[in-house]
Amino acid sequence: MKKLLTGLAACTAMTGPAFAQMLDLEKDELTLGFIKLTDMAPLAVAYEQGYFLDEGLFVTLEAQANWKVLLDGVIGGQLDGAHMLAGQPLAATIGFGTEAHIVTPFSMDLNGNGITVSNEVWEKMLPHIPKLDDGRPQHPISAKALAPVVEEFRNAGKPFNMGMVFPVSTHNYELRYWLAAGGLHPGYYSPENISGQIGADVFLSVTPPPQMPATLEAGTIDGYCVGEPWNQQAVFKGIGVPVITDYQLWKNNPEKVFGITAEFAEQYPNTTLAMTKALIRAAIWLDENDNANRPEAVEILSRPEYVGADYEVIANSMTGFFEFEKGDKRDIPDFNVFFRYNATYPFYSDAVWYLTQMRRWGQIAEPKSDAWYDEVARDVYKPEIYLEAARLLVDEGLANEADFPWDSDGYKAPTPAADIIDGIPYDGRTPNAYLDSLPIGLKGEQIVVGTEVEG
C-alpha cells in the first residue's frame with residue numbers, strides 16, 4: 001500500500017513541467033542492500049521521495065548484517081545492488097578476498113567518518129594535545145598524542161586494540177593513515193597473513209558499525225574508526241570521545257559507492273541508468289538550499305528500517321556540526337556531503353587512492369605500474385554511466401547543467417598538502433610517486449616476507 005500511494009503521488013507530480021522520462025526498463029523490481037549508517041541516505045531518500053518510482057522502479061531496501069554478507073548478496077544475485085565500501089568493488093575485481101567484477105556508476109558521499117577513543121585513552125591523551133585559549137582541545141588532533149598512550153600499554157604488556165569495519169573499508173585506511181601520520185605503525189598484510197597486524201604498534205580488527213560503541217564500552221577495543229552515527233553515539237552514551245573526523249584528516253575525501261555487478265550493468269543498462277538517475281536526484285535533495293532538507297532526512301534515517309538511531313544522535317553530525325565531547329560542538333558544515341563538490345561523480349582518482357592504500361599495507365602484495373592503477377580504476381568506476389544519467393536529468397529539467405563535470409578526464413586536481421593531516425599532497429595520476437612520498441608503508445619493489453619487509 002505504501003508503494004501504491006507513493007506511486008500515485010509520483011504520477012501526480014509528473015503533471016508539472018519537470019518530470020522523469022521513463023526508460024524502457026529491462027528489470028523493474030529490485031532489492032537493494034545497505035548497512036545502518038548515515039551515508040546510506042541517498043537510498044532512503046530516493047525511496048521515500050518517490051524518485052525510484054518516478055523511474056518506474058519498484059525497490060525494496062534491505063538492511064544487511066555486515067559488509068561481507070552485503071557483498072555476497074550482490075555477487076550471488078540476492079541483491080541487485082548495494083551501498084558499499086568504496087574498497088569492496090576494487091578488492092573484489094582484483095581478487096583480494098571474494099573475487100567478482102563489481103562496478104560503480106555512482107559515488108554516494110564525501111567525508112562522514114570519525115575516530116573515537118575510550119574515556120580512559122582520552123584522559124591519557126589530553127596532556128599531549130595543545131589547547132585553545134578557552135581550554136578546549138585544539139583540532140585536528142594528531143595521532144602523535146596517542147603515541148605515549150600506546151607506549152604505556154606496551155610497557156604494561158597490553159596490546160592497544162582498535163576497531164574498523166572491514167579490511168578494505170575507508171575506515172581501515174583512514175585509521176591507518178591517521179596512525180601512520182603520527183608515527184604509529186598499523187601493521188602489514190601478506191598473502192600468508194591477512195590479519196593486517198604484521199609489525200603493528202596498534203592492532204586493528206573488524207567490528208560491524210552498529211556494534212562499535214558496545215564493543216568499546218566492554219573494553220574489547222580501545223578506540224575505533226566508523227561512520228556516523230556511531231561516533232556520536234559514544235558521546236551520547238558517555239563512553240568515548242571522537243578525536244578527529246575524516247574531514248579534518250583529508251578534506252572532502254571519498255566515502256561509500258553504489259555497487260552492482262558488471263553483469264547486471266551489461267544485462268540491464270536502462271535499469272542501471274534509472275537507478276543512477278534516482279540516486280543523483282536524492283543526493284541533490286540532500287544538499288540543496290544549504291542543507292535545508294537535512295532535518296527531514298534525519299527523521300527518515302532515524303526510523304528503525306533505516307539507521308534506527310535517535311534523531312538527536314543522527315542530527316548531531318548531519319546538520320552542520322559535530323560534537324566531540326558533551327557540550328563541545330564545533331561547526332563542520334561539510335561533515336556529510338552528498339552532492340556538492342561533484343561528490344556523486346565516480347572519479348578514477350578516488351579509486352586509485354584506495355588501491356594505493358591496499359598496496360601501502362600489503363593487501364596488494366606485489367608492486368604495480370601506474371598504468372595498472374589507471375586500468376583497474378577504469379574497470380570499476382563508470383563515470384560514463386553517471387554522465388548519461390545526469391544528461392537525462394538535465395534534459396528533463398530535474399538537474400542543472402552546471403552541476404556536473406562534463407569535461408572531466410576522470411581525475412580530480414591533486415589534493416593539496418594543506419587539505420591532508422600529514423601535509424603530503426595526493427595526485428591520482430602518479431600513484432607510485434605518491435606511495436614513495438609516504439614515510440610509513442610499502443613502496444617501490446618492497447614486499448612483506450614473513451614478518452619482515454624486503455626490497
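Select Lys368 and Trp372 to begin: Lys368 lies over the face of Trp372, at 5.2 Å from the ring centre. Here a charge sits over a ring if NZ of Lys or CZ of Arg is within 6 Å of the ring centre and within 35 degrees of the ring normal. This is a predicted model, in which local features need pLDDT of at least 70 and side-chain atom pairs count only at pLDDT 80 or more, while totals for chains, interfaces and linings use all residues. Residues are numbered from 1 along each chain as its sequence is written, and side-chain values use heavy atoms, with hydrogens and water left out.

Next, select Arg360 and Tyr177. Arg360 lies over the face of Tyr177, 5.1 Å from the ring centre.

Turn now to the aromatic pairs, of which the structure holds 18. Rings of Phe, Tyr and Trp (its six-membered ring) pair if their centres lie within 6.5 Å; planes under 30 degrees apart count as stacked, over 60 as edge-to-face and the rest as tilted. Select Phe153 and Phe160, an edge-to-face pair with 5.0 Å centre to centre and 70 degrees between the planes. Phe153 counts as buried because its relative accessibility is 4%; buried means under 20% relative accessible area, exposed over 50%, partly exposed in between (1.4 Å probe, protein chains only). Phe160 is also buried, at 1%. Then select Phe322 and Phe324, a tilted pair with 4.9 Å centre to centre and 55 degrees between the planes. Both Phe322 and Phe324 are buried.

Finally, select Tyr173, Trp250, Trp353, Tyr354, Tyr426 and Tyr434, which form one aromatic cluster.
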